[in-house]
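This briefing sets out the geometry of a predicted model.

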Amino acid sequence: MKVPPVFDIDTLIDDPDTKIIVCCGSGGVGKTTTAAAVGVRAAERGRDVVVLTVDPARRLAQALGLSELDNTPRAVEGVEGDLYAMMLDMKRTFDEIVEAHADPERAQQILANPFYQSLSSSLSGTQEYMAMEKLGQLHRSGDWDLIVVDTPPSRSALDFLDAPERMGRFLDGRLIKLLMAPAKAGGRFGMKVVTAGFGMFTSVITKVLGGQLIRDMQTFVLAFDTVFGGFRERADQTYRLLQAPGTAFLVVAAPEPDALREASYFVERLAEEHMPMAGLVVNRVHRSDASHLSAVRSQAAAETLEARGSHQLTASLLRLHAERMHITARESRLRESFTSSHPSVPVATVGAMAEDVHDLEGLRAIGNDLAGEATEPAA
Amino acid sequence: MYSPGDVPEPDDNLARVRARDTDWDGVRLHVVTGKGGTGKTTVAASLALALAAEGRKVLLIEVEGRQGIAQLFDCPPLPYEERKVAVAPEGGDVYALAVDPEEAMLEYLEMFYNLRRAGRALTRLGLIDFATTIAPGLRDVLLTGKASEAVRRKDKKGHFIYDAVVMDAPPTGRISRFLNVNAEVAGLAKVGPIRHHADTVMKVIRSPETAVHFVTLLEEMPVQETVDGIADLRQIGLPVGGLMINMVRPPMLPEADLAAALTDELDVESIRMGVKAAGVEDDAAEIAQALAAEAADHARRTTLQGREMARLADTDVPQYELPHLSDGMDLAGLYELADELRRQGAA
């Protein structure tokens, strides 16, 4: 059996050089809870921490004292030490960038454009990009010595790495030039260079989407160009921040094939991008205090009792235990197969809990479990 | 793809008349949504298998570019092309398609404007990518449009090509916006071809031929999102289908024992004697303690499940319960869930 190195959360959060921890992984694996638990633990071990969450569950938000999406870090009550938390408002973050970089009139023009509204509120990728933008802002503010970020529930765990690049591609370069050409030429399509492409573009788009659309698109792109002349540069800055030595990625997964597959992709991708991976956290792992009693033996013992017609309760409990051991065995197989393909990735596990975490006590318990000091047996 | 495919045998329609009623007779577009991690894709695939049973033909559509269907059916990544991926119980075919917005846009250009070559050129310029990504709602109109096209597609004799179409849709948090394409393109096109296209798609989605099913687990967050999602859909007048409650674990102890376990009042000594009686001699005391703790955990989960079940019941939506498969999800598991859906009348 492959035994992975143990991921040690305390070494990571106690190291003053650790400035940013990014929790990533596929949807529904408990990323936000992990981020919050890491934040609480780090604060209680003496760091000045801010946790940036994206769309937390209502009760978890309440646990952190977050009642609204107001894009401002708020102090979390009840924590020994300094813990701040905030929820990302992606549209507002985007609006603020526009307002900061454009004169009021142009900003107004952009904010009212339907393309902008779509880009800033519904495009998949915007949320990821804005989370990274906000991360950059928090980092530059210098107000905290540790920032813990929870990444958005993307369709793919990799979206948030690709989003800046993708948006940069849209708002930069050849396409923009193409779209802007007629506007710069006073609305006439006289520029030789782009005539062929643009002529075809306008005729197709006008025919299919209507003339209004193309005008909106041009207004948007033209207005945006002045604001985001250096959009790609901004994206590059964020990207470099993610590669910097003070950054650590925590890949979060559940012991399910899909989640671990995503985790694998992620680990590989981080290596490709030279981004520092701290470890894998496997949430919701089933454990047992009687793990030496295997599923098969427990099942057999239950059958013995049932055949005799005695000790009914014990027989049911042995069946329950057999099922748990069955799940445990399956989960270890999944974890082993992850470790055989990524033998150097340190792993920590967090036990499954019957109920969702909804208070600081629960977050502390997860932090303890993550650090290998589980106080409660197997849930 | 729009050329009429297999022409059914003359008596084909007779074969497709079902021997029994299901809860969703008349529904031809099944939209399946659910929070991440609830098993949305798995349930969508099982539903497709169940609907295809007894010699029918069903198309399973994926719209998020994750290739989840290919992984489930253990086949190579799906191209933008309808491919047979499985044979249903008692004969029947499941086809699958991974819709790509760019390809759908090109197809749209070709179908309505005969502009395939121009479309290819625009793709090289990055324009199609641009338009399908940031033009408000365009992407969703293309994706839902493809599904409604498959629903309405007929062969030369006027028979529907597919008996039903199942869409593995975006997650619960985004479903109402995704389906409400009319409102989405409002900011984009008040008149014109896209508007017309959106209207046509909307007509299919709003019709009794469509049902939006929610997949959930009996856990707090997924249930909350489901309750919210159902309210959202009702508010905009879209047809709510069924609740597929996934990974349900039935209570394994009688109620009295569950209550005792919950308050740590199980008789550990008697459990220890039981363990010894079963022939597990070593560490019987330790094992008895562990068994009691596991019982307490099971009791907490059972209580939680009951509470979440009650919240779901308040939505007044037909429910289907799917068992937790302790071996995890594989092809055999899909068929098991499909049987379960048929048994409970979902298909």
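Which residue in strand 4 of chain B stands opposite R83(B)? In this predicted model, the residue opposite R83(B) is A96(B) of strand 4 of chain B. The points below begin with that pair of strands and its sheet, and then turn to chain A.

**Strand pairing and the sheet of chain B**

- Strand 3 (residues 83–87) of chain B is paired with strand 4 (residues 92–98) of chain B in the antiparallel sense, and four bridges link the two.
- Besides the pair R83(B) and A96(B), K84(B) has Y95(B) as its bridge partner in strand 4 of chain B.
- The two strands make a hairpin in which four residues lie between them, and E90(B), in the turn, has a positive phi of about 55 degrees. As background, most residues other than glycine have a negative phi.

**Domains of chain B**

- The domain assignment divides chain B into domain 1, which covers 25–249 + 324–343, and domain 2, which covers 255–297.
- Taken over C-alpha atoms, the centres of domain 1 of chain B and domain 2 of chain B are separated by 48 Å.

**Overall composition of chain A**

- Chain A contains 16 helices and eight strands, and buried residues account for 48% of its 379 residues.
- Of the contacts in chain A between residues at least 6 apart in sequence, 76% join residues that are at least 24 apart.

**The sheet of chain A**

- An open sheet of eight strands in chain A has the order 3-4-2-5-1-6-7-8, with mixed pairing. Its edges are strand 3 (74–75) and strand 8 (347–351) of chain A, each with a single partner strand, so one side of each is left without a neighbour in the sheet.
- Strand 1 (residues 20–24) and strand 5 (residues 146–150) of chain A run parallel and are joined by four bridges; C23(A) stands opposite D150(A) in strand 5 of chain A.
- Helix 16 (residues 360–370) of chain A packs on this sheet, touching strand 7 (277–285) and strand 8 of chain A, and its direction makes about 140 degrees with that of strand 8 of chain A.

**Helices of chain A**

- Helix 2 (residues 31–44) of chain A has 14 residues, which at 1.5 Å a residue should span 20 Å, and the end C-alpha atoms are 20 Å apart, in agreement with that expectation.
- Helix 2 of chain A is mostly covered, with 13 of its 14 residues buried, and is followed by G46(A), whose phi is positive, near 105 degrees.
- Helix 6 (residues 114–121) of chain A is also mostly covered, since six of its eight residues are buried; among them are P114(A), F115(A), Y116(A) and L119(A).
- Helix 4 (residues 90–101) and helix 7 (residues 126–141) of chain A pack at an angle of about 65 degrees with their axes 9 Å apart, in a left-handed crossing.
- That contact is made by M90(A), T93(A), F94(A) and I97(A) of helix 4 of chain A, together with T126(A), Q127(A), M130(A), E133(A) and K134(A) of helix 7 of chain A.

- R284(A) has a positive phi near 55 degrees although it is a residue other than glycine, and R284(A) lies in strand 7 of chain A. Because R284(A) has 19 C-beta neighbours inside 10 Å, this residue counts as partly exposed.
- D264(B), likewise not a glycine, has a positive phi near 55 degrees and lies in the loop between helix 12 (255–262) and helix 13 (268–277) of chain B. With 12 other C-beta atoms within 10 Å, D264(B) is exposed.

Technical notes. Residues numbered from 1 in each chain as written. Chains lettered and ligands numbered in written order. Predicted model: local features only at pLDDT ≥ 70, side-chain atom pairs only at ≥ 80, totals over all residues. Expected span 1.5 Å × (residues − 1). Buried ≥ 20, exposed ≤ 12 C-beta atoms within 10 Å, placed from the backbone. Pairing = 2+ DSSP bridges. Contact = placed C-beta atoms within 7 Å. Axes fitted to C-alpha atoms, helices over the stretch in contact; angles between N-to-C directions. Domains from an automatic or database assignment. Left-handed = near helix turned anticlockwise from the far one by under 90°.
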